[in-house]
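User: I would like a close look at one part of this model, the aromatic ring pairs, explained step by step.

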Amino acid sequence: MPSNNLPRARRRRGAVVAALVVAATVALAGCNSSDSGGDDGPAASGPWLDDAKAAAETAVKVPTEIAVKALGPVEPPASMTVYFVGCDQSIPGCVAQVEGVRQATEALGFDLEVCDAKSDVASFQNCMSQAVNAKPDVIVNNARPSADASEAYATAHELKIPVIGQFTAQLPDPEKGNTVEVGNVCQIEGELLGSYIVSESGGKANVAIFADTVYQCNGQRADGVKAALDKCPSCKVSVDRFSVATAQTDLPPALQAKIQSNPQLNWVVSTPGFSGVMAADAVRQAGKEDAISVGTFDGDEPTLALVRQGDIIKADVASGVYENGWTVVDAALRLKAGQTIPDNIENPTQLLMTQESAPETGTYEGADGFRDQFQALWGVS
């Protein structure tokens, strides 16, 4: 009879959900999770808390000057072809990197070729091979380790085609890897968010970090958040890993397991940005909207919509999402001109966006007037 079968079905569904949560909890504890922490005592004070508050206050102020202004002007060539190997174009943060480069190359009248390397090694290797065969003036690798396409890198070096790394989380290696790195700031982004969480919690943060393993920048962001929290003796933090390639199926149960297994949890940090929205969904489904806040990165629009409303996602750290691409093109110009770039690294600026500091519309595109500042350095208008 239906009236007798319905409760039994609900009991079965409940048992299945409970089993999934327990299984995910065991997997996290046994394979991909690490924990460290202080205590639950009532008082939290010290120079570390003052330092965290000062760092958070500075991080919410919009930068007014691009970093490469210190390098002085550079004269662009009459023409140039840039081949951009983009990270997975289904991820909003990856799309933004392409757009920034597109804006800058259009401003100079340069040619731009783009290949979507998706999130798997084979696609990245295919894009890098296409890039080398196209023989452009410069190749840009957005976010993948150079070792994932070592043969294409070797060919590029033989042909004397410089490769610019963008958010690869690698230091430059002009002999075998990237000639220049743009966006060596992933750990800095994490430290800014970690300091904000320490400040906002009054030194009583209990944080679960979830970081993707496909793009190494996300691992460095996790390291940065943890480094800031490790300075807080009364804070607790755990780190779990996941893959963006399987996030849609693997991450939601992992988030629920963490939330259910830690009743004292008051912050979740997840990177890259789209996973922050997934974390917010998990918090809402758990009915913990008033107890758990979420922090993330990349300044994606769905994320900032929640930040502006103060709806679960309370902070997002982004390096100027279009300034990044303009910085890549600036590095390409300086390589072409034979200029020296200190440490072979150029960096964009960062902003910590909260309900008070997030732009009313759009995202953090870059320092105030960054496009005009770059064009002034390049002598174009």
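What is the mean pLDDT of the chain, and what share of its residues reach 70 or more? After that, which residues do ring pairs link into a cluster, and how are the rings of Trp326 and Phe370 placed?

Analyst: This is a predicted model, in which local features need pLDDT of at least 70 and side-chain atom pairs count only at 80 or more, while totals for chains, interfaces and linings use all residues. Residues are numbered from 1 along the chain as its sequence is written, and side-chain values use heavy atoms, without hydrogens or water.

The chain has a mean pLDDT (the predictor's confidence in each residue, from 0 to 100) of 91. Of its residues, 89% reach 70 or more. Residues 1–31 are a stretch where pLDDT stays under 50. For residues 1–31 the model has 12 contacts (heavy atoms within 4.5 Å) beyond four places in sequence.

Now to the rings. A search of the whole structure gives five aromatic pairs (ring centres of Phe, Tyr or Trp, the last by its six-membered ring, within 6.5 Å; planes under 30 degrees apart are stacked, over 60 edge-to-face, the rest tilted). Trp326 and Phe370 form an edge-to-face pair, because their ring planes stand at 90° and their centres are 6.2 Å apart. Trp326 belongs to helix 11, residues 323–336, and Phe370 to helix 12, residues 370–378 (helices are DSSP runs of H or I, at least four residues, numbered from the N terminus). The pair therefore ties together parts of the chain that are 44 residues apart in sequence. Both Trp326 and Phe370 are buried (under 20% relative accessible area, with a 1.4 Å probe and protein chains only).

The pair of Phe374 and Trp378 has its ring centres 5.6 Å apart. The planes of Phe374 and Trp378 meet at 40°, so this pair counts as tilted. Helix 12 holds both Phe374 and Trp378. They sit four residues apart there, which is about one turn of the helix. Phe374 has a relative accessibility of 0%, so it counts as buried. For Trp378 the value is 3%, and Trp378 therefore counts as buried too.

Put together, Trp326, Phe370, Phe374 and Trp378 are linked by ring pairs into a cluster.

Definitions and conventions. Helices (H or I, at least four residues) and strands (E, at least two) are DSSP runs, numbered from the N terminus. Buried means under 20% relative accessible area, exposed over 50%, partly exposed in between (1.4 Å probe, protein chains only).
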